[in-house]
Amino acid sequence: MKQSDSEFCVVCSDSCVAAKSLFEAARNWQTWVLFLCYMFSFGVELIVNGNIVSYFVTVWAMTQSNAGMVGSIFGFLNLFARTLGGWMSDWFLVRYGVRGRIHALFIQTLLMGLCLVTFSTLNPDVTSAGMMIVNLIFWGILTSMTEGGTFAVVPYVLPNAVGGCAGIVGAGGNTGALLGNYMILALKGTGGP
């Protein structure tokens with residue numbers, strides 16, 4: 001066999017392994033549960049990052065520069081909070097085994113959802129901008145922690161198809177952002193792009 005033929009076989013073999021990993025992950029329902037977890041955490045983060053400044057300008061009557069400064073808090077929390085979510089998952093793993101990772105993810109998701117619901121009820125008539133920012137910080141931390149907690153579970157779903165599982169779960173974030181932005185446009189009555 002020539003050198004180019006052996007290189008072709010290696011590439012083909014790698015492609016077959018990747019395709020097998022993807023198909024195996026796609027057939028597993030647990031992959032799709034994590035897809036939803038990431039859709040409702042990273043997808044929400046992408047939606048927030050794209051819309052929070054106009055929200056603060058419209059609802060909180062902030063200047064564009066102040067709204068941009070406050071809105072950037074949500075994204076900056078990723079610098080440590082995703083890792084914090086993975087650390088929490090590791091802590092639960094040591095104490096409770098693999099089920100501990102699932103419990104950590106459940107707690108993170110529940111608390112993130114509570115902060116989201118609380119944030120959605122806040123406006124200048126019911127609270128100060130300072131308290132709204134405190135809620136935004138907690139919500140942002142828990143959103144990023146949920147993202148880290150989701151990927152802490154990924155290697156345990158299918159140890160022989162981690163790449164396929166991680167790819168599908170990661171696509172959940174983009175899917176959530178796309179669907180969420182369509183929902184926002186529909187609620188505004190402007191239709192889709």
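Predicted model: local features only at pLDDT ≥ 70, side-chain atom pairs only at ≥ 80, totals over all residues.
Which residues of α6 are buried?

Residues are numbered from 1 along each chain as its sequence is written, and side-chain values use heavy atoms, with hydrogens and water left out.

First, the overall picture. The protein has eight helices and zero strands; helices (H or I, at least four residues) and strands (E, at least two) are DSSP runs, numbered from the N terminus. Along its principal axes the C-alpha trace spans about 75 × 45 × 30 Å. Of the 193 residues, 37% are buried, where buried means under 20% relative accessible area, exposed over 50%, and partly exposed in between, with a 1.4 Å probe and protein chains only. Take the contacts (heavy atoms within 4.5 Å) between residues at least 6 apart in sequence: 74% of them join residues at least 24 apart.

Now back to α6, residues 98-121. Its buried residues are Gly-100, Arg-101, Ala-104, Leu-105, Gln-108, Met-112, Cys-115 and Phe-119. An α-helix has 3.6 residues a turn, so residues three or four places apart point the same way. The buried residues of α6 pack against α2 (29-39), α3, α5 (78-96) and α7 (129-157). As for length, the 24 residues of α6 should span 34 Å at 1.5 Å a residue, and the end C-alpha atoms are 36 Å apart, which agrees. The expected span is 1.5 Å times one less than the number of residues.

Ser-89 is buried, with a relative accessible area of 1%. Leaving aside neighbours within four places in sequence, Ser-89 is in contact with Arg-101, Ala-104 and Ala-152.

Last, a helix pair. Helix α3 (residues 42-59) packs on helix α8 (residues 162-188) at an angle of about 50 degrees, and their axes are 7 Å apart. Axes here are lines fitted to C-alpha atoms, for helices over the stretch in contact, and angles run from 0 to 180 degrees between N-to-C directions. On the α3 side the contact is made by Phe-42, Gly-43, Leu-46, Ile-47 and Asn-51. On the α8 side it is made by Gly-173, Asn-174, Gly-176, Ala-177, Gly-180, Asn-181 and Ile-184. Those residues divide into five nonpolar, seven polar and no charged; Ala, Val, Leu, Ile, Met, Phe, Trp, Tyr, Cys and Pro count as nonpolar, Asp, Glu, Lys and Arg as charged, and the others, Gly among them, as polar.
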